[in-house]
Amino acid sequence: MAGEAHTRKEVEIVKGHRLDHQLYNYLLQYFSESELESIFESIRRPPSRYYVRVNTLKISPEDLMRTLRDRSIDVYPDEHLPEALWFPVKGPNKVPSARKYVLADKKASESVYVGANLYVPGVIKMDGEVRKGDEVNVIAPNGEVVAFGIAEVGSDDIKNVRRGIAVRTIVSVYGMPKVREMREYEMGLFYDQSLPAQWVGRVIDPKPNEVIVDMNAAPGGKTSHMIQLSGGKAIVHAFDRSEGKVNELIEALSRLSMDSLYRVEVRDTRYLDIDRPDLVGSTDKVLIDPPCTDVGVRPRLFDVKTMDLVRAMSNYQRQFIRVAWRLLKPGGVLVYSTCTIPPLENEDNIDYAESLGFEVVDISIPNASGGLIDKYGDSVVRFYPHIHDTPGFFIAKLRKPS
C-alpha cells in the first residue's frame with residue numbers, strides 16, 4: 001500500500017493524511033510502514049480520555065470531581081498527575097443523516113467531530129434552505145460528515161451574525177461532555193489541556209521568586225500551570241508574537257483568576273535578548289513550546305506535510321533555543337517541548353542545544369517512551385498516539401552550566 005507509493009510525489013498514509021515522498025522516506029528511518037500507518041490512524045481519532053487540569057489555586061481535584069459527579073458527569077483522576085482529571089470519549093457513533101447540511105472549516109469540524117457545538121465563525125457555507133430549528137449534518141472540508149445537529153441560525157441570517165452557536169450538536173462521531181459550556185469552566189476551576197502538555201509544567205518545576213520566561217505562551221495552558229505550581233509566586237513573563245494570541249492568553253488567565261500573577265507582552269521572542277536586555281543572564285528558567293508541524297495533534301481528519309516544512313520549522317525553533325541560552329543565568333534550566341513527531345524538530349534540536357553549551361538533564365515520566373535516537377533514549381520523553389493513547393508529544397530538559 002503505502003510502500004508501493006513512496007516514489008510518488010505524495011504518499012497517502014491513511015485516509016486524508018499525506019506526506020511528500022521525502023518526509024515519508026525520512027520517517028521510514030525511524031518507523032516501519034505499519035507503525036506509520038498506526039500513528040496516522042490514531043491521529044484521525046481523538047484519545048479515549050479528554051484531559052483537563054484542575055486550577056488548584058481555586059479548588060482541589062477531589063472537590064471538583066465531586067461537584068461534577070454530583071451532576072452525573074463521568075470524570076476520573078489521572079493515575080499519576082494529581083491535578084489532572086479526565087472525561088471518557090465515546091465512539092465512534094453512527095451519525096444520523098439529515099436532508100440539509102452546514103459546511104464547517106477544518107478547525108471547527110475537528111472540534112464538532114468530538115462533540116463540540118459549531119460556532120458561527122467556523123461556518124464556511126450553509127445549505128441555502130437551512131432555517132433555525134432544522135436538522136442538519138455538519139460536514140468537514142474533506143466531505144466527511146462529523147455530526148448531526150439542530151441549526152440555531154438560518155442560512156438567510158448567518159451573514160449578519162458574528163458570534164454564537166450556528167449548530168447545536170446532537171450526535172457526533174465521537175462524544176464527550178461539552179467542557180467549555182460547564183459552569184465550572186466559566187468559574188475558572190479548570191483548564192482543558194492534554195496529559196503530555198500538563199507534564200511540561202511538572203518538568204519545569206517552577207518555584208517561588210524564580211524568573212521564568214515562556215517564549216511561546218499562547219493560548220496560556222503552560223503559563224497558567226507554572227503560575228499554579230508556584231502558588232502564584234514565580235515571576236512569570238509570558239510572550240507571544242501575535243497580539244490576537246496574547247489577548248487570548250490574557251482572557252484565559254483572567255478566567256482562571258490569575259490577572260496579577262504574570263507579566264505579558266507582544267514580542268517576537270527570537271529577538272528577546274535585544275528587546276528585553278534586563279532578562280539576559282538573569283532568567284532562572286525558560287520554556288520553549290514553539291510553533292511546529294503538529295504531527296501529533298489529535299484529532300486531525302486530514303492534513304498534508306512536507307519535508308521542506310519540517311526543515312523550516314526546525315530552523316525556526318533553533319532561533320528560540322539560541323536566545324534562551326543568552327537569557328538564562330548560569331545553572332538555569334530550559335524545557336523544550338513540541339506536539340510533533342519528526343526527530344528533526346525534537347532530538348536533533350536537543351543536539352543543537354548541546355552544541356551551544358547546554359547539558360541534557362535526564363527526565364522520565366510514567367508510561368511514556370524515551371527518545372527516538374539512541375543518544376537520547378533514556379534522557380528525553382516521547383508520547384505516541386498509537387502507543388500511549390495521547391497526542392504525539394516530546395519533552396526535554398536542559399541546563400546551562402554554572
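Buried means under 20% relative accessible area, exposed over 50% and partly exposed in between, with a 1.4 Å probe and protein chains only. The views below come from a predicted model, in which local features need pLDDT of at least 70, side-chain atom pairs count only at pLDDT 80 or more, and totals for chains, interfaces and linings use all residues. Residues are numbered from 1 along each chain as its sequence is written, and side-chain values use heavy atoms, with hydrogens and water left out.

**View 1. Asp205 and Lys207 form a salt bridge.** A salt bridge is a side-chain nitrogen of Lys or Arg within 4 Å of a carboxyl oxygen of Asp or Glu. Here the closest N and O atoms are 3.3 Å apart. Asp205 is partly exposed, at a relative accessible area of 34%, and Lys207 is partly exposed as well, at 38%. Elsewhere, salt bridges that share partners join Glu265, Arg267, Asp275, Arg276 and Asp278 into one network. A search of the whole structure finds 31 salt bridges.

**View 2. A salt bridge joins Glu79 to Arg49.** Their closest N and O atoms lie 2.8 Å apart. This pair links distant parts of the chain, 30 residues apart: Glu79 belongs to the loop between strand 4 (76-77) and strand 5 (84-88), and Arg49 to strand 3 (residues 49-54). Helices (H or I, at least four residues) and strands (E, at least two) are DSSP runs, numbered from the N terminus. Glu79 is exposed, with a relative accessible area of 52%, whereas Arg49 is partly exposed, with 25%.

**View 3. Lys90 forms a salt bridge with Asp74.** The closest N and O atoms of this pair are 4.0 Å apart. Distant parts of the chain are linked here too, 16 residues apart: Lys90 sits in the loop between strand 5 and strand 6, and Asp74 in the loop between helix 3 (61-70) and strand 4. Lys90 is exposed, with a relative accessible area of 51%, while Asp74 is partly exposed, with 38%.

View 4. Two strands pair if DSSP finds at least two bridges between them.

**View 5. Strand 6 (residues 100-104) and strand 8 run antiparallel.** These two strands are joined by 3 bridges. Leu103 stands opposite Lys125, a residue in strand 8.
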